[in-house]
Amino acid sequence: MIDRETIQSAKDVDINIILDEFGWEKNKYGQIRCPHPSHDDKTASCSYSVSRNTCKCFGCGEVFDTIDLYQCLCEKVNGRVVPFYRAVEEILKLEDMANGSNGSAMITNSSNQVNGYQSGSSKSCQVNGQPSKGNSGSPYEMIINNSKPISGYELNFLHSRGIMLYDSFVYRGKVYTEQSINKALRTTTDQNEINRLCEIKTSGTLYKGISAILTLNKIQIKHNYWEGTNSIIYLVDYEADECTFLCSDQFYMGTGRHMAIQKSLDGNHTKRALGTSDFNFITKDIQDKGKDIYLTEGIEDALTFAMNNKRSISLNSIANLKSLMHYLSEDYVPCHKDRFVICFDHDSAGRKATQEMKDFFENYNQNPSNRYKYSYAVCEYPKQFKDINDYWISRIFS
């Protein structure tokens, strides 16, 4: 049993040490997003008192001391439920490390996991939510060095796009991870809450998560604070290990290919892709071994097909269309089992790119010097939807 003096020592630890440990950013007014796992705080509505060493959320009304804050951030950022006594121990070890102690303590959340999904080991180099001016290197390296594991905020964004990293139930327009439901059932004693959770499991629709698919295709999803805006990073790193065969045996691309696709979560800022690669495959560990490979404009469209156990290629931008054509013409040998299905957006740029892709396949097939021919088709999804991801959203949240 922990004595009162030890508990008070944990409560007296500078709250900024905990915020820095989790990379929980402060805006220019010194406010933070609510750390409570059940509060999807899209704006910084939580402030903290230096004199009291506590935080208070003016959105949900919760007050957090250092122990509350540590427990909440462990669960929200890392999907890790930490009991009170363990939180006290780890907070004091954090303080020792911050003060230069050489103790052998290892803080569990350094594993950079969100609900068991390995999110990489790049550490944030941020000051008050802004990239450190001391960073050097390429723009790609700047993004990677200033990125960190995703929190519940980014996870909720993915859920809004119909993309589940973990096995999840969709019930009455909301997404509930199976892990969170099971954890709540183990801890709650309220019969009404137990009935509600059981109804979600029995009446909701279960969707299999794609975290394993992302891992095998060397795709990480991370968070970045970009130009004052929260953004999500799709990091594709084909040098993550010594494997030289990417996605499947016929998709040999070698090493030295990587990219970071950055997209702001408010939808009002420009997307950008940086790195040595123009497009990426999502094919490995897809259970459906059918012949179709879907060509999409963006990574979220490609992840839509991953949700449906379909292989895909994300261009990440229509500007990369010529690069894909060059690859298919010069480096890829058509396989009779494969059919490329064009699934671009329903705007003028997408329609133009669809025609260009069809012309490419036709010209390639008509060239007598090309022994093997391409099989191709166009994905006919309803035209009232901008892209295939919008169509997928309408299906799962209908």
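**Entry 1: ground rules.** I call two strands paired if DSSP finds at least two bridges between them. Helices (H or I, at least four residues) and strands (E, at least two) are DSSP runs, numbered from the N terminus. This is a predicted model, where local features need pLDDT of at least 70 and side-chain atom pairs count only at pLDDT 80 or more, while totals for chains, interfaces and linings use all residues. Residues are numbered from 1 along each chain as its sequence is written, and side-chain values use heavy atoms, with hydrogens and water left out.

**Entry 2: the β1 sheet.** I began with β1 and β2 (residues 54-57), which pair in the antiparallel sense over 4 bridges. I looked up Cys46 and found Cys57 of β2 as its bridge partner. The sheet is open, with 3 strands in the order β1-β2-β3 and antiparallel pairing. Its edge strands are β1 (46-49) and β3 (63-64), each of which pairs on one side only.

Entry 3: Where is Ser45 found? I located Ser45 in the loop between α2 (15-21) and β1. Ser45 counts as buried, at 18% relative accessibility. I then listed its contacts (heavy atoms within 4.5 Å). Not counting residues up to four places away in sequence, Ser45 touches Ile32, His39, Lys56, Cys57, Phe58 and Gly59.

Asn53 lies in the loop between β1 and β2. Asn53 has a positive phi of about 60° although it is not a glycine, and at 13% relative accessibility Asn53 counts as buried.

Asp14 sits in the loop between α1 (4-12) and α2. Asp14 is partly exposed, with a relative accessible area of 37%. I checked Asp14 against Thr66: they are 52 residues apart in sequence and 7.9 Å apart in space, C-alpha to C-alpha.

Entry 4: Is Arg172 buried or exposed? Arg172 counts as exposed, at 71% relative accessibility. Its place is in the loop between β9 (168-171) and β10 (174-177). Arg172 has a positive phi of about 50° and is not a glycine.

**Entry 5: helix α8.** α8 (residues 191-203) has 13 residues and reaches 18 Å from its first C-alpha to its last, close to the 18 Å expected at 1.5 Å a residue. The expected span is 1.5 Å times one less than the number of residues. I found Asp190 capping the N-terminal end of α8, with a side-chain oxygen 3.0 Å from the backbone nitrogen of Asn192.

**Entry 6: strand β14.** Why is β14 (residues 258-264) largely enclosed by the rest of the structure? It is because 7 of its 7 residues are buried. I sorted them by direction: His258, Ala260, Gln262 and Ser264 point one way, Met259, Ile261 and Lys263 point the other way, and all are buried.

β14 has antiparallel partners: 7 bridges join it to β13 (residues 229-237), and 4 bridges join it to β15 (residues 272-275). Tyr234 stands opposite Ile261 in β14, and Met259 stands opposite Gly275 in β15.

**Entry 7: strand β19.** In β19 (residues 339-343), 4 of the 5 residues are buried, so the strand is largely enclosed by the rest of the structure. β17 (residues 292-296) pairs with β19 in the parallel sense over 5 bridges, and Thr296 stands opposite Cys343 in β19. β19 also runs parallel to β20 (residues 376-378), joined by 3 bridges, with Phe340 opposite Tyr376 in β20.

**Entry 8: the whole chain.** I ended with the overview: the chain has 13 helices and 20 strands. Of its 398 residues, 48% count as buried. Among contacts between residues at least 6 apart in sequence, 61% join residues at least 24 apart.

Definitions and conventions:
Polar contact = N/O pair within 3.5 Å; in protein donor to acceptor, adjacent residues only side chain to side chain. Buried < 20%, exposed > 50% of the residue type's maximum accessible area, 1.4 Å probe, protein only.
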